[in-house]
Amino acid sequence: MLTPDFLKNLRVLFVEDEELAREKLAKLLSKLFKEVILASNGLEGLEKYEKSKITDEKIDLIISDINMPIMSGLEMLEKIREIDTEIPLIFTTARGEADNLLKAIDLNVSNYIMKPIDTTLLVRKITEVCEKTFFETQLQDKQNELQKYLDAVDSVALIYKMDENGNISFANKSLLETSKYTLDEIKTLNFNDLIHQDVPKESIEDTWEILRSGKIWTGNTKFIAKDKESFYLKNTVFKLESTHNEDEYITIGFSTTQENNEKREFQKKVIKSIQEFHKKEYTYKKVVLELNDRVKQLESYVPRLQEELAEQKEKTQSRQRQLDHYEMQMHNVDEKYHGQMTVKSKEAEEYSRTLAMIKQEKNVLAEKNREANNEIVATKKELALLMKTNAEKVKKINDLTDVIKSLEAKIRDLT
């Protein structure tokens with residue numbers, strides 16, 4: 001239903017050559033519309049309309065007088081219709097002019113009103129004219145909204161249509177992309193051509209029986225693409241109303257390929273884990289059996305080991321008695337050895353004292369020997385000096401040879 005709020009979103013072009021009438025009616029229109037654009041003749045009205053097309057400020061309704069200077073309302077409408085064949089226009093006229101009105105009808109005029117203008121009647125006619133625009137806008141919005149829904153569905157759902165024999169007559173973009181077929185190619189196929197060979201024929205026949213009875217079938221199906229790759233769909237299939245005595249069926253599916261692949265991978269992992277578990281279980285059982293055999297063997301050794309243990313205990317007790325006897329003997333030996341060691345210790349102490357005295361005497365002799373050696377060295381130096389400096393006294397030295405020999409003899413005695 002048209003509401004005043006709808007008019008508040010519209011822009012109107014009002015063309016009137018009489019200034020007083022233009023200003024008076026403009027006040028009324030400004031209360032109804034978002035914006036009122038004024039023009040004083042048809043040429044000015046045409047220019048303002050053309051400007052609105054350039055600036056993309058849409059004019060939704062034109063109200064115009066017919067008889068005006070420079071350019072009449074009919075001439076203006078004729079020019080506007082060359083640009084826009086649908087924009088609504090209401091003419092105001094001072095008198096009924098059949099020719100003008102007929103021409104206006106030919107130019108797809110929306111309505112007209114006689115002067116003086118009855119504002120109540122004008123508002124009603126404006127409402128009637130704008131109602132069409134309102135519903136067209138509403139319809140367009142709904143169509144746009146519906147198209148968005150269809151696009152959304154088309155992007156996620158895989159849809160195809162087939163006849164009662166399974167011949168495919170339509171497939172949407174998503175199904176074509178998944179199946180790798182073009183629309184022309186898929187129209188040459190039958191439903192069975194898309195079904196994977198893993199699907200039992202009995203299941204397919206049961207599905208057709210349900211569909212032909214008029215019921216909706218829902219389930220998961222495995223398909224095969226043009227490149228022989230598998231894909232999975234969760235389908236809802238239902239019968240359409242008969243057209244030309246032929247039943248048609250529509251299928252809406254959603255891809256479950258990823259889920260099925262993940263499920264298959266999970267199943268493979270489970271099977272592999274079970275196989276590995278069985279292998280480990282077999283190995284463990286084998287080890288357990290071997291250990292059981294080993295335990296039995298060891299259990300058979302227990303009696304003999306117990307006998308050997310008793311024998312070892314007896315031997316140990318016997319050896320303990322021998323050890324006690326030996327310890328007693330060792331005690332007696334230790335006392336005797338202690339006496340001998342005391343005597344030997346005293347002898348060692350005496351020997352140590354004697355050795356210390358000898359070392360002391362040796363040190364004294366060593367010191368004397370060093371002093372004698374030093375004296376010899378000094379004497380030799382003095383002798384060498386005398387031999388060099390007293391070459392002239394060779395004769396005298398020869399006389400003193402006996403003295404030197406005597407000294408040398410003493411030196412020898414000292415060394």
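In this predicted model, Asp60 is in contact with Asn9, Leu10, Arg11, Ile87 and Pro88, leaving aside neighbours within four places in sequence. Asp60 lies in the loop between α3 (42-55) and β3. The relative accessibility of Asp60 is 11%. Buried means under 20%, so Asp60 counts as buried.

One of the contacts of Asp60, Arg11, belongs to strand β1, which spans residues 11-15. Five of the five residues of β1 are buried, so this strand is largely enclosed by the rest of the structure. Cover is found on both faces. Arg11, Leu13 and Val15 are buried on one side. Val12 and Phe14 are buried on the other.

Strand β1 pairs with two strands, β2 and β3. The pairing with β2 (residues 35-39) is parallel and runs over five bridges. Within this pairing, Arg11 stands opposite Glu35 of β2. Between β1 and β2 the chain passes through helix α2 (residues 19-32).

Arg11 is a buried residue of β1, stands opposite Glu35 in β2, and is in contact with Asp60.

Notes:
Residues are numbered from 1 along each chain as its sequence is written. This is a predicted model: local features need pLDDT of at least 70, side-chain atom pairs count only at pLDDT 80 or more; totals for chains, interfaces and linings use all residues. Side-chain values use heavy atoms; hydrogens and water are left out. Buried means under 20% relative accessible area, exposed over 50%, partly exposed in between (1.4 Å probe, protein chains only). Helices (H or I, at least four residues) and strands (E, at least two) are DSSP runs, numbered from the N terminus. Two strands pair if DSSP finds at least two bridges between them. A crossover is right-handed if, with the strands pointing away from the viewer, the path from the first strand over the helix to the second runs clockwise. Contact means heavy atoms within 4.5 Å.
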